[in-house]
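This report examines selected side-chain pairings, backbone features and helix contacts. The sequence and the structure are shown first.

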Amino acid sequence: MTMHATLPQAHAGTAPIGSGVAPTLADDIRKAGRLLPPKELEDALRTAGFARYHIHHPFHKLMNAGELTKNQMRAWALNRYCYQSAIPKKDAIILSRSEDPEFRREWRKRIADHDGEDGAPIDGGIKRWLKLAEGLDLDLEMVKSRRYALPATRYAVGAYIDLVSSSSLLVAVASSLTELFSPIAIGERVPAMLARYAYINEETLSYFTPRLHQAPRDAEHALALVTLWADTPDKQADAIEALLAKCDILWAMLDALHSAYVTPGRIPPGAFVPPEQE
């Protein structure tokens with residue numbers, strides 16, 4: 001008997017190995033083919049998104065527990081700047097894709113929130129993030145160059161720009177719904193940092209305070225659009241998958257930080273190397 005004849009028998013009665021991951025709510029919607037009422041879709045988005053939100057990542061848990069070193073905090077601030085600086089670019093892409101003036105007027109508030117406006121009572125979010133970097137004694141030109149961020153950080157940010165550029169407007173808008181959970185993260189992060197890191201003060205964390213009202217405003221606007229536009233089961237599944245994709249992007253950035261600066265501590269060539277531990 002040839003070897004080819006015996007191979008099928010060796011696998012007789014065995015089942016293919018699956019992913020080991022339970023189907024997502026998007027999978028369930030596609031399989032059922034049932035259009036969810038708006039409230040059920042909203043609940044599905046909130047449930048699916050919060051379960052995958054990066055607030056649950058070990059790196060964030062270490063941060064909130066006061067267990068990160070100053071150098072690890074520096075690495076986080078430097079890498080996160082890549083994401084922060086891309087937000088108005090991402091929003092400009094979304095704005096440019098709509099033919100609706102009302103939508104564009106509302107969406108451009110997001111750009112002003114991050115880029116800032118002349119005569120505004122507070123700085124834009126990008127400038128406020130640089131205050132955090134400055135409070136951690138980072139060279140601001142180094143941070144702004146984005147050159148020394150982890151490769152995975154830069155690739156993740158690029159993936160987000162690609163997502164909003166190449167997908168439907170529904171998917172682009174739905175991907176922003178991580179803002180539904182931002183106030184929860186900020187509500188935990190800010191008190192924890194102030195209590196547990198002596199070198200951090202309220203001015204250092206000035207980025208976060210305006211986000212407590214900006215993020216809910218933006219999230220409610222996006223949520224209303226998504227529940228209106230997602231008028232087929234496939235579109236509703238697309239919206240949930242867009243939110244999960246954004247959660248994956250945020251999670252991937254923290255995975256890279258944890259791997260490079262916590263354990264096993266492998267910093268890729270060319271990425272930020274902290275000074276001797278302080």
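## Arg-217 and its partner

Arg-217 is partly exposed, its relative accessible area being 28%. The model in which this residue is described is a predicted one. Arg-217 forms a salt bridge with Asp-113, and the closest N and O atoms are 2.4 Å apart. Asp-113 counts as buried, at 12% relative accessibility, because the limit for burial is under 20%.

## Other salt bridges

In total, 20 salt bridges are present in the structure. One of them joins Asp-43 to Lys-39, with the closest N and O atoms 2.7 Å apart. Both Asp-43 and Lys-39 are found in helix 3 (residues 38–52), where they are four residues apart, about one turn of the helix. In an α-helix there are 3.6 residues a turn, so residues three or four places apart point the same way. Asp-43 is partly exposed, with 33% relative accessible area.

Lys-90 and Asp-91 also meet through their side chains in a salt bridge, at 2.7 Å from N to O. Elsewhere, a network of salt bridges links Arg-30, Asp-234, Asp-238 and Glu-241.

## Backbone features

Most residues other than glycine have a negative phi, and most peptide bonds are trans. Asp-137 has a positive phi of about 65 degrees, although this residue is not a glycine. Asp-137 is located in the loop between helix 7 (125–135) and helix 8 (140–145), and at 53% relative accessibility Asp-137 counts as exposed.

Arg-146 likewise has a positive phi, near 60 degrees, and is a residue other than glycine. Arg-146 is placed in the loop between helix 8 and helix 9 (151–166), and is partly exposed with a relative accessible area of 32%. The peptide bond from Thr-263 to Pro-264 is cis, its omega being near 5 degrees. Pro-264 is in the segment after helix 13 (233–261).

Which residues of helix 7 are buried? They are Gly-125, Ile-126, Arg-128, Trp-129, Leu-130, Leu-132 and Ala-133. The cover over the buried residues of helix 7 includes helix 5 (70–96), helix 6, helix 8 and helix 12. Just after helix 7 comes the positive phi of Asp-137, about 65 degrees.

The axes of helix 5 and helix 7 come within 10 Å of each other and cross at roughly 175 degrees. Helix 5 is therefore roughly antiparallel to helix 7, because angles over 145 degrees count as roughly antiparallel. On the side of helix 5, the contact is made by Trp-76, Ala-77, Arg-80, Tyr-81, Gln-84, Ser-85 and Pro-88. On the side of helix 7, the contact is made by Ile-126, Trp-129, Leu-130 and Leu-132. Classified by residue type, the contact of helix 5 with helix 7 has eight nonpolar, two polar and one charged residues.

Note on methods
Residues are numbered from 1 along each chain as its sequence is written. This is a predicted model: local features need pLDDT of at least 70, side-chain atom pairs count only at pLDDT 80 or more; totals for chains, interfaces and linings use all residues. Side-chain values use heavy atoms; hydrogens and water are left out. A salt bridge is a side-chain nitrogen of Lys or Arg within 4 Å of a carboxyl oxygen of Asp or Glu. Helices (H or I, at least four residues) and strands (E, at least two) are DSSP runs, numbered from the N terminus. Buried means under 20% relative accessible area, exposed over 50%, partly exposed in between (1.4 Å probe, protein chains only). Contact means heavy atoms within 4.5 Å. Axes are lines fitted to C-alpha atoms, for helices over the stretch in contact, and angles run from 0 to 180 degrees between N-to-C directions. Angles under 35 degrees count as roughly parallel, over 145 as roughly antiparallel, 65 to 115 as roughly perpendicular and the rest as oblique. Ala, Val, Leu, Ile, Met, Phe, Trp, Tyr, Cys and Pro count as nonpolar, Asp, Glu, Lys and Arg as charged, and the others, Gly among them, as polar.
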